[in-house]
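Subject: Structure handover

Hello,

Here is the structure I promised to pass on. Please open it first, then read my notes below.

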Amino acid sequence: MVCVVCGARPVAGESARCFACAEAAPNWPRDYRSAQGLAVAVTVLLVLSGLLALALLVSDVFGLRAVDAVLADGADTEAFDALDALESLWSLTAGLSVLTLVATAVLFVLWFQRIRANADLFAPHGHKHSSGWAVGAWFTPVVNLWFPWRLVVDCWQASAPVDAEGQRRIVSQALVSTWWVSWVGSLVLGRVASVVSRSVASEAMGRSAAFEEVRSALQWEIAASALRAVAAVLVVLVVWRLTGMQQARAAMVVRLAFRPGQVAVPGVPTVGS
């Protein structure tokens, strides 16, 4: 006898459901909503954010070379001209980065809300934090350094593929953890670069010392931009892997469940309806 909900796996116990559907919320196929459309929109913005991070990285590298030229030869007018041009580029790129970050954050949170809602259907008791944190965790100071990672890991585990009997498989969370470490690392390095930059503007120092500080700030910013670019690539992989795992769980029900002659489950649509 096959599960009356998914129609794909043998029943477990007396519930007439497989392990996966017995663990899931009642009539979960009815309440499941695909996150694929949001995943596409988020990916577009994440790619744009990654390209902007790369643009900042390249401009920072050229800026560092120009600062080195000034320190080597204080009368290098070409280096000063290059720094003036790069300053305009930095301002433009930074402005675009802020706008892109805001738009990306909004769509990413909407995508994650959908992912969390689906994960709650797959494993209602498989989460360490309540669903309210699916939004609040990203914007609450201090806890936003690790709560979002925990939330994504819980969704990752709840959405994992199931075996022939409906038991959830163990899926490595290395991708999620690597993404989160690179993202938090980029925030920390960016903050250090900002502090060093402010010290140049606030302290009275000779030109040589000031350029040394600028050089230090650029080095920190180069490292931060590199990590931001890496984080952008990794989070795209996270978005599509997590969305894909949930799509696969739902697709199996649509493909195999509710064949003619099976027991209908109230509230769950049958094939062709």
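The notes below go from the whole chain to single residues.

**Overall**

Please keep in mind that this is a predicted model. The protein has 8 helices and 0 strands. From the N terminus, the order of elements is therefore simply α-α-α-α-α-α-α-α. The chain counts 273 residues, and 42% of them are buried. Its accessible surface is about 13,900 Å². Carbon and sulfur atoms make up 66% of that surface. Take the contacts with a separation of 6 or more: 70% of them join residues 24 or more positions apart.

**Aromatic rings**

There are 11 aromatic pairs in the structure. One of them joins Trp133 and Phe147. The ring centres lie 4.9 Å apart and the planes meet at 70 degrees, so this pair is edge-to-face; the cut-off for that class is over 60 degrees. How exposed is each partner? Trp133 is partly exposed at 28% relative accessible area. Phe147 is buried at 12%, because the limit for buried is under 20%.

Phe147 also pairs with Trp146. That pair is edge-to-face too, with 5.5 Å from centre to centre and 80 degrees between the planes. Trp146 is partly exposed, with a relative accessibility of 44%.

Elsewhere, ring pairs tie six residues into a cluster: Phe108, Trp111, Phe112, Trp138, Trp179 and Trp180.

**Backbone**

Most residues other than glycine have a negative phi. Two residues deserve a look here.

- Asn27 is not a glycine, yet its phi is positive, about 55 degrees. Asn27 lies in the loop between α1 (19–23) and α2 (28–31). Is Asn27 buried or exposed? Asn27 is buried, at 12% relative accessible area.
- Val142 is also a residue other than glycine with a positive phi, near 75 degrees. Its place is the loop between α5 (133–136) and α6 (147–158). Val142 is exposed, because its relative accessible area is 56% and exposed means over 50%.

Best wishes

Conventions. Residues numbered from 1 in each chain as written. Predicted model: local features only at pLDDT ≥ 70, side-chain atom pairs only at ≥ 80, totals over all residues. Heavy atoms only, no water. Helix = DSSP H or I, 4+ residues; strand = E, 2+ residues; numbered from the N terminus. Buried < 20%, exposed > 50% of the residue type's maximum accessible area, 1.4 Å probe, protein only. Contact = heavy atoms within 4.5 Å. Areas by Shrake-Rupley, 256 points an atom, 1.4 Å probe, with all protein chains shown as cover. Phe/Tyr/Trp six-rings, centres within 6.5 Å; stacked < 30°, edge-to-face > 60°.
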